[in-house]
Amino acid sequence: MCSSDLRRVILEKNRHFAEPFDFDRSGTFIISEGPSFKVFKIVQVFQDSPAAEAGLHEGDVIKTIDGKPSVEFTLNEIREMFKKGEQRYRLTAQRNHTEIQAEIQPRKLI
């Protein structure tokens with residue numbers, strides 16, 4: 001094998017090729033932390049996204065979604081919600097010692 005072979009990637013269609021690839025439409029990347037993984041922290045906010053437009057920042061911790069405490073959700077449930085573009089979500093987030101109110105409507109980002 002020569003070194004040029006190590007730089008090549010070959011992509012081929014498979015049975016999933018035509019399936020849609022849905023990803024978070026809020027413009028955030030969220031992780032779960034804490035002993036029971038019930039602290040939902042925004043670790044990335046993408047430029048020109050619904051989350052950025054709503055004023056959310058990296059480091060914000062989601063406390064409520066549509067009035068429900070975030071501890072009632074799993075990380076997967078939150079990610080699934082943010083894949084849908086037909087609903088607005090009201091969030092309360094903690095930033096340092098300040099409570100932030102934000103409303104986002106997920107949309108396709110690309």
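Predicted model: local features only at pLDDT ≥ 70, side-chain atom pairs only at ≥ 80, totals over all residues.
## Loops, a strand residue and aromatic side chains

Asn96 sits in the loop that links S5 to strand S6 (98–104). The backbone of Asn96 has a phi near 55°, a positive value in a residue other than glycine. With a relative accessible area of 69%, Asn96 is exposed, because the threshold for that class is over 50%.

Asp48 is not a glycine either, yet its phi is positive, at about 60°. Its place is the loop between strand S2 (39–45) and helix H1 (50–53). Asp48 has a relative accessible area of 56%, so it counts as exposed. Here are the accessibility values for several residues discussed in this report.

| Residue | Relative accessible area | Class |
|---|---|---|
| Asn96 | 69% | exposed |
| Asp48 | 56% | exposed |
| Phe23 | 46% | partly exposed |
| Thr92 | 10% | buried |

Thr92 belongs to strand S5, which covers residues 89–95. Is Thr92 buried or exposed? Its relative accessibility is 10%, and buried means under 20%, so Thr92 counts as buried. Leaving aside residues up to four places away in sequence, Thr92 touches Val61, Ile62, Lys63 and Thr64, and also Glu99, Ile100 and Gln101. With one of these, Gln101, there is a polar contact between the two side chains, at 3.3 Å.

Which aromatic rings pair up in this model? The count comes to one aromatic pair. Phe82 and Tyr89 form this pair, with ring centres 5.5 Å apart and planes at 70°; an angle over 60 degrees counts as edge-to-face, so that is how the pair is classed. Phe82 and Tyr89 are both buried.

Phe21, Phe23, Phe29, Val43 and Phe46 together make a nonpolar surface patch of about 500 Å². Among them, Phe23 is found in the segment before strand S1 (28–33). Phe23 has a relative accessibility of 46%, which lies between the 20% and 50% limits, so it counts as partly exposed.

To look back over the tour: Asn96 and Asp48 each carry a positive phi, Thr92 has a side-chain polar contact with Gln101, Phe82 and Tyr89 make an edge-to-face pair, and Phe23 takes part in a nonpolar surface patch.

Conventions:
Residues numbered from 1 in each chain as written. Heavy atoms only, no water. Patch = residues over 30% accessible without salt bridge, like charges linked within 9 Å, V, L, I, M, F, W, Y side chains within 5 Å. Areas by Shrake-Rupley, 256 points an atom, 1.4 Å probe, with all protein chains shown as cover. Salt bridge = Lys/Arg side-chain N within 4 Å of Asp/Glu carboxyl O. Helix = DSSP H or I, 4+ residues; strand = E, 2+ residues; numbered from the N terminus. Buried < 20%, exposed > 50% of the residue type's maximum accessible area, 1.4 Å probe, protein only. Polar contact = N/O pair within 3.5 Å; in protein donor to acceptor, adjacent residues only side chain to side chain. Contact = heavy atoms within 4.5 Å. Phe/Tyr/Trp six-rings, centres within 6.5 Å; stacked < 30°, edge-to-face > 60°.
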